Amino acid sequence: MPPSKRRRKFAKRSLTGCRTCRARHIKCDEAPGACNNCTSTGRTCDGYDLARLPVERLTPALHPDIAIRLGWLTTTDEKRCFSYFMNRTIPSLTALFDRPLWRKMAMQMSLVDRAVYHAANVLGALHEDSEQNQMRLSGENLSHPRHRFALEQASRSFEILHRRQASNDPQLQEVMLVCCLLFVISDLLLGRYDNALEHLRGGLRILQETQQQRQLRRIPELDSGLVQMFQRLDTEYSHFGPGKPFLSSSNELEDDWLERRQLHTLDDVHDSVRRLLNIGIPFLAKCWVLTGAEIEADYLNLHRQQERLLSLYYRLRDKIQALCNRPHPELSYKEQRGISLSMLQCLSQILGIKTCLIDGPLPASWTPEFAALLSAHEDFLANFPERPTITLDYGIIPGLYVVTKCPHYLVRLQAIDILLNWPHCEAVVNSNIVASLALETLKVEMQDRDRLDVLGVDDEAAKALNSFLFNTLKSTPQAEKWSAIRASKIIPRLENL
């Protein structure tokens with residue numbers, strides 16, 4: 001037979017062999033508990049998987065063979081998901097800001113620590129599943145092979161961590177925190193927000209205990225990027241949980257703080273914005289759910305906090321603008337993108353804080369400010385085309401959510417359209433949920449005015465989005481406490497489903 005017509009024969013894939021035999025590519029006798037193939041040769045049988053991923057023709061550019069030799073046996077399914085983690089998940093997490101936490105710490109740990117490796121496989125499997133479903137997973141579905149595989153990998157990671165708890169390994173706390181962070185992201189992709197919050201709080205408790213231990217005895221200092229990532233998630237969960245950070249203080253900045261800070265680099269800018277967001281986000285989370293009577297009863301105190309925050313944000317905005325205008329060596333593309341995104345976050349917070357104490361619909365006179373914020377987002381997207389599907393950095397979703405409060409429905413629809421055209425997650429926030437929530441709120445307003453005909457939204461797309469929103473909320477017991485849900489007043493509609 002000519003070489004061009006030869007066809008390679010593939011053996012039928014075994015679905016039941018033990019993990020050790022499958023990794024060694026030998027036939028397994030499948031004896032209960034532990035196979036004789038392993039025990040008779042003195043090897044440790046690594047047991048049988050409860051789930052196998054379906055056989056797929058892999059795209060070489062997307063799933064290259066892992067060239068690195070790990071210190072343990074791995075199955076084909078694990079290699080596939082780990083490859084996805086390395087080649088799609090890590091680049092997505094570093095697309096907006098190239099943080100050493102991901103490319104160095106998390107990636108390197110996953111290559112040398114089995115607990116982190118299995119946690120990375122969980123995230124890789126669920127990230128691929130999320131991307132294939134337009135980032136619209138609304139709960140765990142164990143009839144789905146990837147979800148079963150992720151559950152099994154998570155169980156393996158938990159088991160390894162549990163066995164090591166009694167050890168004196170100085171790296172154990174960082175290993176546990178990295179695993180915890182990977183589980184938080186995985187649960188967020190699944191739409192299991194309550195589970196993600198429990199993992200987050202577990203990680204924050206480890207941070208708290210570590211700080212206490214460092215005061216009593218010498219132990220290695222935790223990676224600063226890892227600590228800041230947990231603090232950021234703690235702050236952002238103000239909108240999705242108790243209404244205030246679990247650990248972070250909400251009064252950590254002095255009024256003259258900005259006067260004492262110099263902004264020379266992107267890191268300076270990013271750190272300053274992070275510090276302000278740590279107090280600005282909880283303030284908005286608190287104010288958006290207040291009734292008119294509650295605002296009036298505490299108006300003097302709320303207004304004082306509002307004015308202080310606005311003063312800080314205005315000064316930071318001016319400092320960032322001055323950095324951009326100052327003569328300096330040409331900024332790199334990443335520096336331009338980072339500074340532009342930081343400015344966008346300042347502008348979004350400013351408009352959100354300015355309007356958060358207004359009860360009821362906003363007057364039409366506010367429309368130009370919302371239109372200007374929308375235009376700033378459009379300019380950013382036009383200048384920087386990267387579209388990661390998951391990031392733990394503050395991005396464009398919060399600002400576009402602010403725009404969806406605009407008095408003019410066309411401006412709101414443009415913001416919703418941007419969210420729908422870029423399905424992605426920014427830490428706790430999912431663009432699909434924000435878009436759907438904004439669309440449902442707008443539909444209620446238009447229905448009250450008998451103007452549903454002017455929305456111009458595709459019925460099938462709107463139904464799919466609506467279904468995703470309500471499935472997510474119904475599967476999340478604490479959803480009624482989310483600030484955006486309470487502010488939208490759609491919970492009565494949810495209860496009637």
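Q: Which residues have the most contacts inside the largest nonpolar core?
A: This is a predicted model, where local features need pLDDT of at least 70, side-chain atom pairs count only at pLDDT 80 or more, and totals for chains, interfaces and linings use all residues. Residues are numbered from 1 along each chain as its sequence is written, and side-chain values use heavy atoms, with hydrogens and water left out. A nonpolar core here is a set of buried Ala, Val, Leu, Ile, Met, Phe, Trp, Tyr and Cys residues joined through side-chain atoms within 4.5 Å, with buried meaning under 20% relative accessible area, exposed over 50% and partly exposed in between (1.4 Å probe, protein chains only). The largest one has 136 residues, and those with the most contacts inside it are Trp 102, Leu 181, Leu 182, Phe 230, Tyr 237, Ile 320 and Leu 392.

Q: Which helix gives the most to this core?
A: Helices are DSSP runs of H or I, at least four residues long, numbered from the N terminus. With 13 residues in the core, the top contributor is helix 7 (residues 172–190).

Q: How many disulfides does the count come to?
A: A disulfide is taken as a pair of cysteine sulfur atoms within 2.5 Å. Cys 28 is buried, at 10% relative accessibility, but its sulfur is 3.9 Å from the closest cysteine sulfur, in Cys 35, so that's too far for a bond. Cys 179 is in no disulfide either, as the nearest cysteine sulfur, that of Cys 180, is 8.6 Å away. By this rule the count comes to 0.

Q: Are helix 4 and helix 7 roughly parallel or roughly perpendicular to each other?
A: Helix 4 (residues 100–112) and helix 7 pack with their axes 10 Å apart, at an angle of about 110 degrees. Axes are lines fitted to C-alpha atoms, for helices over the stretch in contact, and angles run from 0 to 180 degrees between N-to-C directions. Under 35 degrees counts as roughly parallel, over 145 as roughly antiparallel, 65 to 115 as roughly perpendicular and the rest as oblique. The pair is therefore roughly perpendicular.

Q: Which residues in helix 7 meet helix 4?
A: Contact means heavy atoms within 4.5 Å. From helix 4 come Leu 101, Trp 102, Met 105, Ala 106 and Met 109. Their partners in helix 7 are Glu 174, Val 175, Val 178, Leu 181, Leu 182 and Ile 185.

Q: What does Thr 476 contact, leaving aside its neighbours within four places in sequence?
A: Thr 476 is found in the loop between helix 18 (459–474) and helix 19 (483–488), and at 3% relative accessibility it counts as buried. Its C-alpha atom is separated by 6.5 Å from that of Asp 194, 282 residues apart along the chain. The contacts are Gly 191, Tyr 193, Asp 194 and Trp 482.

Q: Is Met 135 buried or exposed?
A: Met 135 is in the loop between helix 5 and helix 6, with phi near 60 degrees, a positive value in a residue other than glycine. Most residues other than glycine have a negative phi. At 4% relative accessibility, Met 135 counts as buried.

Notes:
Helices (H or I, at least four residues) and strands (E, at least two) are DSSP runs, numbered from the N terminus.
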